[in-house]
Amino acid sequence: MDMLREWITGITITAILAAIAKALTEKSGQRGVIRLFCGVCVALAILAPLRSNAPRELWRSLKNSLNANERAASYGQDVAASVTQSYAAEQAAAYLDAQAAAIADGVSFTLTLSEDLKPIAVSVRGPAAARDAVISMAAQTLGLSTDDICYISEEGEDTDGNKAISRMD
């Protein structure tokens, strides 16, 4: 793109200088010669890239620019898909949290979704007493087998006053 910018700048500068030269000449016989000379200079400025490898370099530069635009668009689509996936997982978890609130307090869900927004990993954290009811509700809501849901039950408190966690799958 730098080469294209330089080429256009060269044409612009040549045209400006040609216009100044024509404006400074008197209305005499010199004016015709100056106009011819300015026309030749502008034509040479326009055709300048043809006397070198410039056309190939210009084409390569344009191709690289298009590839960069394609990569940027692809990256944007990847980011959008990732954001959509995260948002859908958060919304599904919030919905399941609200549904589980009717069964027991302190139940929370974490979901991982595939690219087509289907659940591939579901983790549930909550009291042990609500395990079967919450897993059944989540499996029915998500259309999964109860074996596909990981339940982490919170059992009492440990010596530090923190909730003790035991894992049940």
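From the N terminus on, the elements run α-α-α-β-β-α-β-β. That makes 4 helices and 4 strands in the protein. The model is a predicted one.

Some overall values come next. The protein has 169 residues, and 22% of them count as buried. Its accessible surface is about 11,800 Å². Carbon and sulfur atoms hold 57% of that surface. Among contacts with a separation of 6 or more, 43% join residues 24 or more positions apart.

Now the interior. Nonpolar side chains tend to be buried together in soluble globular proteins. Here the largest nonpolar core has 19 residues. Val107, Phe109, Leu111, Val124, Val134 and Ile149 touch the most other members.

Take Val107, one of the core members. Which residues is valine 107 in contact with, leaving aside neighbours within four places in sequence? They are Asp97, Ala100, Val124, Arg125, Gly126, Pro127 and Val134.

Serine 114 sits in the loop between E1 and E2. Is serine 114 buried or exposed? Serine 114 counts as buried because its relative accessible area is 17%, and the limit for buried is under 20%. Not counting residues up to four places away in sequence, serine 114 touches Gln85 and Ile120.

Note on methods: Residues numbered from 1 in each chain as written. Predicted model: local features only at pLDDT ≥ 70, side-chain atom pairs only at ≥ 80, totals over all residues. Heavy atoms only, no water. Core = buried A, V, L, I, M, F, W, Y, C linked by side-chain atoms within 4.5 Å. Buried < 20%, exposed > 50% of the residue type's maximum accessible area, 1.4 Å probe, protein only. Contact = heavy atoms within 4.5 Å. Helix = DSSP H or I, 4+ residues; strand = E, 2+ residues; numbered from the N terminus. Areas by Shrake-Rupley, 256 points an atom, 1.4 Å probe, with all protein chains shown as cover.
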